[in-house]
Amino acid sequence: MSGGYFEYRQFHISEIAEKIENIVKNNGSKEKNEWGEEIGYHFPPEIITKFIDGVNIIKTAYVYAQRIDWLLSGDDGEESFLERLEEDLKEINK
């Protein structure tokens, strides 16, 4: 694996985005967890919209942290940094 300048801590940012995405996905669920509690939070749509906005911002933060990490670690040069940053940001906006 490449990078390491930030000791791979940027992956914590990615995990936060994934957890929020799961909350959004399961928001209306009445399914029960192993303790018999509903897994859905049942937040209203305006809250879920803000969660989705937050996920996009967090994913953007992850992309920047990852790309900067690779540049500072010598895995990317300045040109490839800019190219990969642009590519990764486009993926978020799909």
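1. Leu72 has a relative accessibility of 46% and therefore counts as partly exposed. Here, buried means under 20% relative accessible area, exposed means over 50%, and partly exposed lies in between (1.4 Å probe, protein chains only). Leu72 belongs to helix H2, which covers residues 45-72. Helices are DSSP runs of H or I with at least four residues, numbered from the N terminus.

2. The model is predicted: local features need pLDDT of at least 70, side-chain atom pairs count only at pLDDT 80 or more, and totals for chains, interfaces and linings use all residues. Residues are numbered from 1 along each chain as its sequence is written, and side-chain values use heavy atoms, with hydrogens and water left out.

3. Leu72 also takes part in a nonpolar surface patch with Tyr5, Tyr64 and Ile68, and together these residues have about 380 Å² of accessible area. Patch residues have over 30% relative accessible area and no salt bridge; nonpolar side chains (Val, Leu, Ile, Met, Phe, Trp, Tyr) are joined within 5 Å, like charges within 9 Å. The areas come from the Shrake-Rupley method with a 1.4 Å probe, and for residues only the protein chains shown count as cover.

4. Four aromatic pairs are present in the structure. The ring centres of Tyr41 and Phe43 are 5.4 Å apart and their planes are at 5 degrees, so this pair is stacked. Rings of Phe, Tyr and Trp (its six-membered ring) pair if their centres lie within 6.5 Å; planes under 30 degrees apart count as stacked, over 60 as edge-to-face, and the rest as tilted. Tyr41 is exposed at 51% relative accessibility, and Phe43 is partly exposed at 31%. With Phe51, Tyr41 and Phe43 form one aromatic cluster.

5. The structure contains six salt bridges. A salt bridge is a side-chain nitrogen of Lys or Arg within 4 Å of a carboxyl oxygen of Asp or Glu. One of them joins Glu7 and Arg9 (2.8 Å, N to O), and both of these residues are exposed.

6. Asp76 and Arg84 form another salt bridge, with their closest N and O atoms 2.6 Å apart. Asp76 is buried, at a relative accessible area of 5%, whereas Arg84 is partly exposed at 32%.

7. In helix H3 (residues 78-92), Lys90 and Glu86 are four residues apart and therefore separated by about one helical turn. Their side chains meet in a salt bridge (3.3 Å, N to O).

Notes. Helices (H or I, at least four residues) and strands (E, at least two) are DSSP runs, numbered from the N terminus.
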